[in-house]
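Please have a look at the model first.

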Amino acid sequence: MLARTIGDRIGEGKASSNLGNTLKVLQRFDEAVVCCQRHLDIAREQRDKVGEARALYNIGNVLHTKGKQKLWGCPQDPGDIPPDVRDTLQRATQFYEMNLSLISELGDRAAQGRAFGNLGNTHYLLGNFVEAIKFHRKRLSIAKEFGDKAAERRAYSNLGNAHIFLGQFNAAAEYYRKTLQLSHQLKDQVMEAQACYSLGNTYTLLQEYIRAIEFHLKHLVIAQQLSDRVGEGRACWSLGNAYVSQGKHQQALHYAQKHLEISTEIGDRNGELTARMNVEQLMLALGMSKVDLSRSGSLQFEAQEQGARPKFNKSSKKNIELWKCSSEKKLGRDPSDEDCFFDLLSKFQSSRMDDQRCNLNEQQVWEKGKTASSRGSLVDNVKESCSNVSSSQTEELFDLIASSQSRRLDDQRASVGNLPGLKITHNNLSHLCGETDAKEPGDDFFNMLVKCQSSRIDDQRCSPPDLGPKAPTVPDEDFFSLIQRVQAKRMDEQRVFLPTNEPDEASSDAATPPSGDSS
């Protein structure tokens with residue numbers, strides 16, 4: 001508004017572009033495109049080549065982010081994306097290419113590097129992996145030219161992802177190794193952990209399980225250092241799969257249990273179901289029952305040797321001994337004695353809630369228990385006190401609690417007459433209706449109602465559902481989804497149609513396609 005007031009067209013264009021970038025962050029993509037397009041129009045009107053290049057770049061970013069968000073979580077195979085998403089991403093490439101052409105004329109090499117990187121990312125989302133590799137290599141070259149280690153690391157990581165989809169796992173592993181080296185040089189633990197995660201899964205695809213375990217253990221250590229529980233869970237999941245592939249079911253069970261514990265803790269329902277299934281299958285393979293599993297405790301394996309700290313292994317043996325000791329003591333008791341023991345335990349614990357309870361006239365019962373002769377056992381004293389409480393006293397206890405608590409509830413009730421808002425009576429209703437039909441209030445009434453109720457509606461709005469805990473040590477596009485998408489096409493190519501029961505007819509003019517519905 002200030003730029004318009006003073007007639008600063010260049011400033012108005014820049015402000016529009018800033019609005020567009022802010023709206024993009026707010027995920028209001030259509031409005032963001034309008035603001036960035038206004039910047040582009042003004043820049044072309046003023047023959048501002050630098051501003052025009054920046055506007056083209058910003059529009060491409062908005063469209064790329066919009067397409068990526070729509071594509072997030074889609075189960076389609078690589079490149080098999082919805083038409084509207086494909087159209088959005090193709091428009092993004094067009095704006096990136098226009099930006100690249102213009103900055104090449106201006107000789108801005110740094111901007112060219114950013115354009116190459118964004119073109120590579122967009123072609124990757126479109127499933128054009130060969131094109132993506134071409135642009136990421138150009139991005140890598142410019143990053144090396146400027147000594148931009150962070151950009152170089154991103155290029156290596158993107159090249160690794162693209163080679164995974166082409167089935168070139170050895171090349172992908174080499175790029176991920178370079179990513180790991182640069183992350184270590186930059187002292188970026190998060191990126192270092194992501195590189196270890198990617199390397200572990202790549203070596204799993206190459207069936208080099210010893211090296212896969214090595215990198216998954218490194219990922220686990222960093223995830224623990226950064227308190228990334230989601231990352232720890234993924235590392236345990238990966239380690240379990242690698243040990244199963246080696247036939248080491250005992251170690252696999254250890255990490256499957258850890259995965260189950262972490263998934264339950266963070267509320268990852270899918271992870272919990274997967275881990276539970278893995279634990280059950282491994283127990284079946286080892287011939288173990290749940291009792292055997294609870295008594296044996298968790299073992300400590302290679303993770304300790306690599307520095308991964310166990311979180312729940314230290315007291316397993318002590319807990320088992322305590323459980324055995326308490327069980328042996330209880331075995332010789334009469335069932336009634338055992339019931340009294342638990343009555344005593346509940347009485348001791350209930351003292352924590354005494355602040356919310358009312359005083360009862362049962363002092364003589366407790367005094368008798370306190371002053372009992374020390375010759376009898378503690379259980380016998382409690383048993384005697386329990387027998388002295390009659391059923392009538394119990395009924396009085398519940399009546400007293402009910403009456404006491406009901407008064408507290410009544411104190412918290414609100415009077416309907418004191419509620420804020422519009423109070424409608426016969427007098428003001430007729431005034432609001434005006435000369436309209438007596439059966440329906442007029443527009444003034446509804447306008448007033450909206451004004452009065454709008455704040456209440458806003459108070460009842462809820463935030464969007466949480467997408468789940470973040471996993472900083474796991475790449476944005478989880479490697480397991482990459483593997484599933486890579487393997488999906490291979491599985492489909494190996495499917496065959498079942499033969500039909502009807503004999504082939506040689507005289508048929510047109511070949512009948514095989515039926516996929518045969519039983």
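This is a predicted model: local features need pLDDT of at least 70, side-chain atom pairs count only at pLDDT 80 or more; totals for chains, interfaces and linings use all residues.

**Two helix pairs**

Let me begin with H2 and H3, where H2 passes H3 in a left-handed crossing, that is, with the near helix turned anticlockwise from the far one by less than a right angle. Residues are numbered from 1 along each chain as its sequence is written, and side-chain values use heavy atoms, with hydrogens and water left out.

Helix H2 covers residues 9-25 and helix H3 residues 29-45, and their axes come within 8 Å and cross at roughly 160°. That makes H2 roughly antiparallel to H3, a term for angles over 145 degrees. Contact here means heavy atoms within 4.5 Å, and H2 contributes, among others, Arg9, Gly13, Leu19 and Leu23, with Phe29, Cys35, His39 and Ile42 included on the H3 side. The residues of this contact divide into 7 nonpolar, 5 polar and 7 charged.

Turning to the second pair, the axes of helix H9 (residues 169-185) and helix H10 (residues 189-205) come within 9 Å and cross at roughly 160°. H9 and H10 are therefore roughly antiparallel to each other, and their crossing is left-handed. Among the residues that meet are Phe169, Tyr176 and Leu180 in H9, and Met191, Leu199 and Tyr203 in H10. What is the make-up of the contact of H9 with H10, in nonpolar, polar and charged residues? The contact divides into 10 nonpolar, 5 polar and 2 charged residues.

Definitions and conventions. Axes are lines fitted to C-alpha atoms, for helices over the stretch in contact, and angles run from 0 to 180 degrees between N-to-C directions. Helices (H or I, at least four residues) and strands (E, at least two) are DSSP runs, numbered from the N terminus. Angles under 35 degrees count as roughly parallel, over 145 as roughly antiparallel, 65 to 115 as roughly perpendicular and the rest as oblique. Ala, Val, Leu, Ile, Met, Phe, Trp, Tyr, Cys and Pro count as nonpolar, Asp, Glu, Lys and Arg as charged, and the others, Gly among them, as polar.
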